[in-house]
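Welcome! Let's take a friendly look at one protein model, topic by topic. Have the structure open beside you as you read.

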Amino acid sequence: MRTETIIGLKDDDVQADLLVNDDSDQNYSKFSSLLASKDRDYLLSPKGNQVKISDLNGKVVGLYFSANWYPPCRNFNQVLVEIYEQLKQSGSNFEIVYVSSDEDIAAFNTYYHACMPWLAIPFSDLETKKALNRKFDIEGIPCLVVLQPNDNKDEATLFDGVELVYRYGVQVFPFTKERLEELQREDRERHENQNLTNLLTSQHRDYLLGHPRPKQVHVASLVGKTIGLFFSAEWGIPCVKFITKLMSNYHKIKQMIADKQGNNGHDDEDFEIVFVSSDHDQTSFDFYFGSMPWLALPFGDPNIKNLVKHFDVKGIPSLVILGPDGKTITRNGRNLINLYQENAYPFTEARIDMLEKQLEEEAKSLPRSVYHSGHRHELNLVSDGNGGGPFICCDCDEQGSAWAYLCLECGYEVHPKCVKA
């Protein structure tokens, strides 16, 4: 269990509050108008103490919209606690205020007092919580809205705090425009300089795991190949569904390359996949990796977290494709496999453009409307420019784009290839 941070006023803090300047008066007015009510000028601490809203003077404040009943909130909460405590230990002027969407006071007490080291709006103050949701147009949780001190016009307010914390961790502080531009510039430099060696090796490891175990395959042997980084885990139901399709297409791609090399006598092309695990333990990793025909990073390797951040992996399964030079071709490998199977190889922009044109031609011969055995309404053929767009197929549960059959009555949508009469 992580240690709990208790927020309160020290004597010297009280003395300092007597010396507030015009800016801190404005800060107080700003935070008071947002967070106070007619009968309340305080927030709660995890121990149930009352903390004056004026304590937020001069601080970067995160308004944290969350709830105990939603798993993504609980997952993000663990990450945010770690970031918060690191910033507190370093003396940063950062504070968080929890804006609860819990079902009842018992759920609030369990979630807030047991899991959060920061401040909170009392659960009973429904009006303030509703007003904050309206003001910041909160459409989903978890959501972290970050307010800057001395920003009375809300020009520096950030609404994507959750994504930024996941992507950059503690480095994102103080959440300013200048800091984000600096981090984005560093991102661009890392991507420009990336290669297989700096992505997949570490100071103490220059190999990947192969089959049969404990075979080791040197990363240097993959240079010049097209590589798929497969982010997945044994516990993920979508991962289990996708891996069967990926294995089938992996073997087909390998065979395509072998046939091509046999015809031209060259051996200068290859494709390989590297499993990047999000499994919970070594046993799960061993079982899952044992079913795969490709390579893997060792379970728990520090490079795994770096790769997740580097490629901004937000969910699994995910397939990132690297070219023979080690540079990123696409982060949408999963979608391309679903759409084009083995024909997506080598996943380049030119290849996908060609496949999209083929799809456009094939769509000309598709019926404008159909009935599907999995649905009772008529389905209409749509495209990106005609009522369509990215979607999740209701038949195979995989991603799709471009052409689809859509029910105009209820939104049911399927790949054309999934339509069954």
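Asp312 sits in the loop between H11 and strand E12 (318–322); helices (H or I, at least four residues) and strands (E, at least two) are DSSP runs, numbered from the N terminus. This is a predicted model, in which local features need pLDDT of at least 70 and side-chain atom pairs count only at pLDDT 80 or more, while totals for chains, interfaces and linings use all residues. Residues are numbered from 1 along each chain as its sequence is written, and side-chain values use heavy atoms, with hydrogens and water left out.

**Backbone features in loops**
- Asp312 has a phi near 50°, a positive value in a residue other than glycine.
- Asp312 is buried, with a relative accessible area of 16%; buried means under 20% relative accessible area, exposed over 50%, and partly exposed in between (1.4 Å probe, protein chains only).
- Phe175, in the loop between H6 and H7, has a positive phi too, near 65°, and is buried at a relative accessible area of 2%.
- The peptide bond from Ile141 to Pro142 is cis, with omega near 0°, and Pro142 belongs to the loop between helix H5 (126–135) and strand E6 (143–147).
- Another cis peptide bond runs from His211 to Pro212, with omega near -10°; Pro212 lies in the loop between strand E7 (207–209) and strand E8 (216–218).

**Helix H4**
- Which residues of helix H4 (residues 105–115) are buried? They are Ala107, Phe108, Tyr111 and Tyr112.
- Seen down the axis of H4, these buried residues fall within an arc of 105°, so they line one face of the helix; the arc is that of the directions from the helix axis to the C-beta atoms.
- An α-helix has 3.6 residues a turn, so residues three or four places apart point the same way.
- The buried residues of H4 pack against strand E1 (42–44), strand E3 (60–66), H3, strand E4 (94–100) and strand E5 (119–120).

**Around Ser92**
- Ser92 is placed in the loop between H3 and E4.
- Leaving aside neighbours within four places in sequence, Ser92 is in contact (heavy atoms within 4.5 Å) with Leu87 and Phe173.
- The side chains of Ser92 and Ser90 are joined by a polar contact of 3.1 Å; a polar contact is a pair of N or O atoms within 3.5 Å, where, within protein, one must be able to donate a hydrogen and the other to accept it, and residues adjacent in sequence count only if both atoms are side-chain atoms.
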